[in-house]
Amino acid sequence: MSQTIAISAQNVIKAFGHGEHAVRALDDVSLDIRKGEFFTLLGPSGCGKTTLLRLIAGFEMPSGGTILLDGADITNLPPNKRPVNTVFQSYALFPHLTVAQNVAFGLEMLGKSKSEVSARVAEMLALVKLDHLAARKTSQLSGGQQQRVALARALAPQPKVLLLDEPLSALDLKLRKEMQIELKRLQLETGITFVFVTHDQEEALTMSDRIGVMSSGHLQQVGSPKEIYTRPRNRFVASFIGETNFLPATREALGYRLDCGIVVQAPASQAQRVTLTIRPEQLRLVPEAEGDVPVKITNLVYFGTDTHCHMSLPDGTEVVARLQSPSDGESGLQVGQGIGLRFLPGALQVLEE
Amino acid sequence: MARPISHLPGFTPIAMAVFAALYLPLVILVFYSFNAGEDLAHWEGFGLHWFAKAWENDQVKDSTIRSLWLAAVAAVISTVVATMAALGTTRRARFKGQTFIYVMINQPLMVPEIVTAVALLIFFAWFKVTLGYQGMGYLVLAHSAFCIPFAYLPIRARLESMDLTLETAAADLYATPFATFRRVTFPLLLPGILAGMMLAFVTSLDDVVITVFVKSAGQDTLPTYMLGQIRRQVSTEVYAISTMLLGLTVVMLVAFMALTRKKD
């Protein structure tokens, strides 16, 4: 078991402040991160994702709980005794050192021999394609290059886990896309476990093997990008990852009765009162008589490849469908038109709570 | 739209008056220190006569050497203390009474110097009688103490502009707390430390009030010697010494500016 788990957080609590003013940034979080996976902690700012990362790095000590690395308790180790390295949001490159000296820092602190250090530095700079800039001061580099130095510096000591704290947030869109691919490549080439923190759901979906979605100090759901997207566990996960529609409903013997009175089919649940959810691209528009639910089109928004069709159910609930725009751009739909809505089998998901 | 300050009415005359008040006396002092004649008020041609005379004066030489080493020792001691104080007040979690500590460290800037001088006179008098020790230790202690805030302020300013994440990054890269200080904090802080040390050096070199009250017989520093000379008869020799001190200060000031300038 411990052979396959890199990081295990067990009932971790982190409180800031004392007494009545204490705020729990992490409230009883348990999480296993597997060896060699690209794991992303995803959530809005203030959800506790960076706090969890800093606890794993050892920059903060938990108020409760245990953190294991390869099965060994590291909860109370200082950061310099943990075989874990961090890529900081601000990069935190040493301004008085050259690129090569920055990359060599961790290796020197570990007491590696001179020849080993210089060989490893050269290898790392080649890996991030910065060999030609080894003698430069870091202040002479562009943002993207600084990012690569930060990566090389953190990877050089061959950590068991690499922690990345929103490292792409300072880059412009084009560079960010490039670095996403680059990061994935580095992770595959080195085989090191990556724990990546971001608030950008697209970044999380495209890069991760698994995602942990966090909100207000709790882990809401852990799963592969597909699981998180297609089978969100609760309303927060469903709305934070991508766009979605919510349909309040009540459980009955033959299915779920929507608030507009129509009964639809969806996976079983325990709760009486539920919210059904369906992604905009999984809604089909059909002639009014053939649909599961009759709706009225309230707005049409053209997005180029897609057209977003806003509709209202008989009880006033708003839903959006994403339709592929026809080649001539004319969908034949009109605002005010009545139309039928069909739910593809298995597309409706049930959110309890 | 902010216009240059020089467009404000009356700016030029006020600025001229302020600069004249600040620098005209210095210009006159430097000018007359090169006077060839004996008379203080009459220009009798250019000469280095007074510089030579000051140079040959053993009392000037003794007091200069005493001033320089006193300032050097006080600067080193106060800078070490100030560096530790600055690290303690910026690199650690905030603690109760931190503002109080900050005020305490900067106390010599706020308490009138004459009060400190009298207090030290009484305090050290007791030691002098009890221990029978009359040496330079008292001056070293007193100078080191009042130089601390002068060293502390530039060091603290430098630390506050330094990203704390750099030290976190060093710890993350397996540096022990001491290695972090030696390899990251200290090299980045060095310009601040040197600036602080220079400021402390100049402050000690310049001090009269506390020195007069604390010193024992035969412990004249250059400023107290000059004060003694002037009390008897204003001599152009004092002009020459002042000019040399001014030159030293300008050199230190330029170095201080170069060290504290923000590099991009």
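**Ground rules.** I count residues from 1 along each chain as its sequence is written, and chains are lettered from A, with ligands numbered from 1, in the order in which they are written. Since I'm on a predicted model, local features need pLDDT of at least 70 and side-chain atom pairs count only at pLDDT 80 or more, while totals for chains, interfaces and linings use all residues.

**Chain B, overall.** I looked up the make-up of chain B and got 12 helices and 0 strands. Helices here are DSSP runs of H or I with at least four residues, strands are runs of E with at least two, and both are numbered from the N terminus. I also checked the box around the C-alpha atoms of chain B: roughly 70 × 65 × 30 Å along the principal axes.

How much of chain B is buried? I found 30% of its 264 residues. A residue is buried if 20 or more other C-beta atoms, placed from the backbone, lie within 10 Å of its own; it is exposed with 12 or fewer, and partly exposed in between.

The UniProt record, an unreviewed entry, lists "transmembrane region" at several places in chain B, including 12-34 and 68-88. I remind myself that such annotations may be inferred rather than shown by experiment. In the model, residues 12-34 of chain B are 96% helix, with end C-alpha atoms 31 Å apart. Residues 68-88 of chain B are 100% helix, and there the ends are 30 Å apart.

**Where B touches A.** I see 15 residues of chain B in contact with 17 residues of chain A; contact means C-beta atoms, placed from the backbone, within 7 Å. Which helix of chain B gives the most to this side? It's α8(B), with 6 residues. Both α8 (164-172) and α9 (177-206) of chain B supply at least two residues. I sorted this side of chain B into 10 nonpolar, 3 polar and 2 charged residues. Nonpolar covers Ala, Val, Leu, Ile, Met, Phe, Trp, Tyr, Cys and Pro; charged is Asp, Glu, Lys and Arg; the others, Gly among them, are polar.

**Cores.** A nonpolar core is a set of buried Ala, Val, Leu, Ile, Met, Phe, Trp, Tyr and Cys residues joined through C-beta atoms within 7 Å. The largest has 97 residues, and A:Ala152 is one of those with the most contacts inside it. Past its neighbours within four places in sequence, A:Ala152 is in contact with residues including A:Val103 and A:Met124.

Technical notes. Two residues are in contact if their C-beta atoms, placed from the backbone, lie within 7 Å.
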